[in-house]
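Dear colleague,

Please find the structure below. My notes on what was found in it follow directly after.

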Amino acid sequence: MNSRLLDVKGLTVQFHTPDGPVEVVSSVDFHVNKGETVGLVGESGCGKSVSSMAIMGLIPSPPAKQIGGEIWFQEKNLLAQSPDYLRSIRGNSMSMIFQDPMSSLDPAFTVGSQIDEAMQFHQKIAANEAKERSIELLRRVGISNPELRYHEYPHQLSGGMRQRVMIAMALACNPQLIIADEPTTALDVTVQAQILDLLNDLRQTFGSAIIMITHDMGVVAETCDRVMVMYAGQIVEEAPTEVLFDQTAHPYTEGLLRSIPKISGKKVKLYSIPGSVPLQRDMPKGCRFHPRCSYATSLCQEKEPPIQELAPGHRVKCWHSDQVIAKQGGV
Ligand SMILES: Nc1ncnc2c1ncn2[C@@H]1O[C@H](COP(=O)(O)OP(=O)(O)OP(=O)(O)O)[C@@H](O)[C@H]1O
Ligand SMILES: [Mg+2]
């Protein structure tokens, strides 16, 4: 299809560990269309960052034991390309805003020189032109006094400003795909809202597609066209955002949505999904979510559910999705 920008098919990532190989991403399929924002949600450790690092070609082997499947971007399967080719697209046609800005900005260089470098590596432009464009980018991401900030080091900036610098770096070459890995978790609520507005504006200006990784369903509701829900290394539900909220079909998604605090009504204790994400080496048989699921039956303990398409674009991996939907009065 013409509008398809990224097509991930059967992505599987295994790591070597002292206890033997573990598979942390298992046969994940998804796509991203040009210009859309797709959410990737799920609890800590479910494989969101590893999946995105695999797309960026940033998982070295070792520690990765094996990366399987296909990642199609600009008509090439990235898993079959050379490190040189991957370097030529990374930071250029696709870029990533990392979970922790401090670990990705180099403390020894000014923020300006780091944005310049991202541009000069991919585009043959003179140093003074790079500087001019970097200052303009800093201004665009809402950094006041960018001429001055250009010469500062990361530690001289606040957390919100560092996150903006990361976004400026990610945008330096007008990428078609931006992977934003929890771009707001380290920030306070007002700065979070500003960063989300900024990403939305930039998407409209540059037409880039965004994969928004978060565990915050509020962020998803506000920013995403579509959502993919991950649990224990698998995608368990995928739907347009309103459909995911109104016709939730997976018990895990239902749990995530029930854990959102509501402002209206009387105070009630926040729901939390019982139990915790299983360790990869003790992955339950059948459906991986069954030990924590109130809908689970013996079928769920025995047999892994297939992915079924309930409506165009709404896919779910659950034996009892009809009951989950019926409970909300959706069908
Ligand atoms: N280099 C590695 N070696 C072994 N296991 C790893 C390695 N990197 C990640 N993992 C494991 O892969 C799993 C998925 O990790 P990942 O960082 O993708 O989680 P996440 O969904 O991004 O979580 P969070 O919300 O906390 O960022 C985790 O169990 C993690 O321990
Ligand atoms: Mg992560």
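In this predicted model, the buried residues of helix α8 are Val191, Gln192, Ile195, Leu196, Leu198, Leu199, Leu202 and Arg203; buried means under 20% relative accessible area, exposed over 50% and partly exposed in between, with a 1.4 Å probe and protein chains only. They sit on the same side of α8, because they cover an arc of only 160° around the axis, taken from the directions from the helix axis to the C-beta atoms. Val189, Thr190 and Gln204, on the other side of α8, are exposed. The buried residues pack against β3 (37-41), β6 (94-97), α5 (127-140), α7 (159-171), β8 (209-214) and α9 (217-223), where contact means heavy atoms within 4.5 Å. Gly207, with a positive phi near 70°, follows α8.

Helices (H or I, at least four residues) and strands (E, at least two) are DSSP runs, numbered from the N terminus.

There is also an open sheet of 4 strands, in the order β2-β1-β4-β5 with antiparallel pairing; strands pair if DSSP finds at least two bridges between them. Its edge strands, β2 (22-33) and β5 (76-77), each pair on one side only. Strand β4 (residues 64-73) pairs with β5 over 2 bridges, and Trp72 has Asn77 in β5 as its bridge partner.

Residues are numbered from 1 along each chain as its sequence is written, and chains are lettered from A and ligands numbered from 1 in the order in which they are written. Local features need pLDDT of at least 70, side-chain atom pairs count only at pLDDT 80 or more, totals for chains, interfaces and linings use all residues, and side-chain values use heavy atoms, with hydrogens and water left out.

Kind regards
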